[in-house]
Amino acid sequence: MQIEFKGADYTYQSPTISSLALTNIDFSVKKGEFVAFIGPSGSGKSTLAMLLAGLFLPTVGEVLLNGEKAKKNSVFPGVGIVFQYPEQQLFGETVFEEIAFSAKNHGMSGAELENTVYDALRVVGLPLDFATRSPFGLSGGEKRRVAIASVLSGSREAMIFDEPTAGVDLSGQRWLRELAIRENSLGKTIFWVSHNMEEVAKLASRVIVLNDGQIAFDGDPQQLFSDGEKVAACGLIMPKGAEFLQKIKAQGANIAAAAVTLEGAAIEAAAWLRGDDRA
Amino acid sequence: MLKENFLLGQYFPGNSPAHRLDARSKLIISLLYMAALFTANDWWGYLVVTLIFVAVLAFSRVPISLLWKGLRIIVIFVVITVILNSLMIPGERVLWQWKALTVTYEGLMQGFKLGLRLLLLVAFASLLTLVTKPLDLTDGLERLLSPLEKIKVPTHEIAMIMSIALRFIPTILDEMERIMLAQRARGAVFGGKKLKEKLSQIVPLMVPLFVSSFRRADDLAQAMEARCYFGGAGRTHWRRSKWQNRDTVALILFVVLWLGLLAWRLL
């Protein structure tokens, strides 16, 4: 699986106004990458997610999955997207029907469909007997798990998470991150749209920064976050770990400021306190 | 995408003479125009109401392209009206015949008249909401209905319900678009041709839409209660619209129009 953006623009059209959300987007993502999209509000992250899923077609340029364009009114097969409040899309009479919806739409049936649904239930950590219950009788957190399972069942290739942790409690956030890591380790490409720098520093192997509808940075998170000026120029803030190391360095400590996560910063700081020569 | 094709309830900001009229006069004018539409029964009458519409459109400075976008859906109904009328209405001058189907000149003309009537009706109503802020429209309606308070008609509540309904049309369309995207992302295909396909597409769209609309209604009710809303009794208005000379003039013009058409029809 490979997704390619070639000089893609996207313009929102309405009767009274049209606004350019993305300009000249160029990048390509290979199978198994964990890519984070970050940027200030209104920088075009969600629009980019729509293009990635094939839900929107670029106004100018091309977006290709394995060399093919998305068809109108269709999506890229095998690419799932988890929106911010995925539980708002529930409609099924049973949890089974809900989760089977996208797998069925992708042509699955019979035993394969059943296996996929129960697998998805297991992955999101819900008991298998939930399959016969109504999704509307579940708690908020359970509903969200069902909604995510319903996306999982139809996305063999890649998953897009559009600000998945907004409005979720801390254990829910951790659960979502672990889910993304697990799916990634199984070979799925993961796209993670976020505002949270810690999350990005911890999870992503590649980060694409959007600013004002354009790509401001595309590369290693370490490389981005070790450059304070670049981070500020992109309208972002530093992750806590990187910020701590930079501040302690500015105070005159001879410490290597290579880590960006809190854990990394703790390791660096401990080594420096012990007097190991790492700098 | 949906909103572009649905104008009723949307406001087009502006400061044209039509925008500046009092909502009350605009409401009465709309009623008078509708009465005029149903009074006109020959081509001269239809020519007059069409010209009046063009004049009002020019006064409102609403771009015709914007209005056209909203009317495209109605055109389907107009076409159906023309076809059905031309097939159903018997007449003397037969234009076309095939087995049991007959199109007569009289039927075709009747179809065109009804179609034009329908088109102008919706166009004028859309224009009313395009040039009047929803809040002004409600206030106007409430004040027009206020004499009915004496016979215990809950006029404020009626007006409030109407304004909330109008206010939420674009919101619900947005919501529908969002749900469509989410279901398309799960592989649903909208816009199938067969009836069976269409019906199976409706469930994943309508169930979440109903759920979210009820949730929204609950939220709104709570937000209103939290701000001590308790209905009509003793409510005052921050901004009171003023009836001005131009309102009287506009109103007289439309009364004359309607009476003229009535006289033309009866004499």
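So, by a nonpolar core I mean a set of buried Ala, Val, Leu, Ile, Met, Phe, Trp, Tyr and Cys residues joined through C-beta atoms within 7 Å. Keep that in mind, and keep in mind too that this is a predicted model.

With that definition, the largest nonpolar core has 88 residues. Which residues have the most contacts inside it? They are A:Ala53, A:Ile160 and A:Phe191. Take A:Ile160 and look around it. Leaving out residues up to four places away in sequence, A:Ile160 touches A:Ala49, A:Leu52 and A:Ala53, then the run A:Val79, A:Gly80, A:Ile81 and A:Val82, and also A:Phe191. There's a second, separate core as well, with 21 residues, and among them are B:Ala40, B:Val49, B:Phe124 and B:Trp258. The general background here is that in soluble globular proteins, nonpolar side chains tend to be buried together.

Okay, chain A as a whole. Its secondary structure comes to 10 helices and 10 strands. Of its 279 residues, 43% count as buried. The C-alpha atoms fill a box of roughly 65 × 45 × 35 Å along the principal axes. How does the radius of gyration sit with the chain length? For 279 residues you'd expect a compact globule to come out near 19 Å, and chain A has 21 Å, so the two agree. On contacts: if you take those in chain A between residues at least 6 apart in sequence, 61% join residues at least 24 apart.

Now the strands of chain A, beginning with the open sheet. Four strands go in the order S2-S1-S4-S5, with antiparallel pairing. Which two stand at the edges? That's S2, residues 18-30, and S5, residues 68-69; each has a single partner strand, so one side of each is left without a neighbour in the sheet. At the S5 end, S4, residues 60-65, pairs with S5(A) in the antiparallel sense over 2 bridges, and A:Leu64 stands opposite A:Lys69.

Elsewhere in chain A, have a look at strand S9, residues 206-211. S9(A) pairs with S3, residues 34-38, in the parallel sense over 4 bridges, and there A:Phe37 has A:Ile208 as its bridge partner. S9(A) also pairs with S10, residues 214-219, but in the antiparallel sense and over 5 bridges; A:Val209 stands opposite A:Phe217 in that pairing. S9(A) and S10(A) make a hairpin with 2 residues between them, and A:Asp212 in the turn has a positive phi of about 55 degrees.

Over to chain B, and helix H8, residues 195-226. Its 32 residues at 1.5 Å a residue should span 46 Å, and the end C-alpha atoms are 46 Å apart, so that agrees. H8(B) does bend, though: about 30 degrees at B:Ile202, with a proline, B:Pro204, following within four residues. It's hardly covered, with 2 buried residues among the 32. After the helix comes B:Cys228, with a positive phi near 65 degrees.

Chain B has a hairpin too. S1(B), residues 94-98, and S2(B), residues 101-104, pair in the antiparallel sense over 4 bridges, and B:Gln97 has B:Thr102 as its bridge partner. There are 2 residues between the strands, and B:Lys99 in the turn has a positive phi of about 50 degrees. S1(B) is hardly covered, with 0 buried residues among its 5.

You'll find B:Lys152 in the loop between H6 (134-145) and H7 of chain B. It has 7 other C-beta atoms within 10 Å, so B:Lys152 counts as exposed.

Last thing, where the chains meet. 21 residues of chain B are in contact with 21 residues of chain A. On the chain B side, the elements giving two or more residues are H4 (64-88), H7 (155-185) and H8. Which of them gives the largest share? That's H7(B), with 6 residues.

Terms used. Residues numbered from 1 in each chain as written. Chains lettered and ligands numbered in written order. Predicted model: local features only at pLDDT ≥ 70, side-chain atom pairs only at ≥ 80, totals over all residues. Pairing = 2+ DSSP bridges. Rg over C-alpha atoms; globule rule 2.2 N^0.38 Å. Buried ≥ 20, exposed ≤ 12 C-beta atoms within 10 Å, placed from the backbone. Contact = placed C-beta atoms within 7 Å. Expected span 1.5 Å × (residues − 1). Bend = angle between axes of the 7 residues up to and from the residue.
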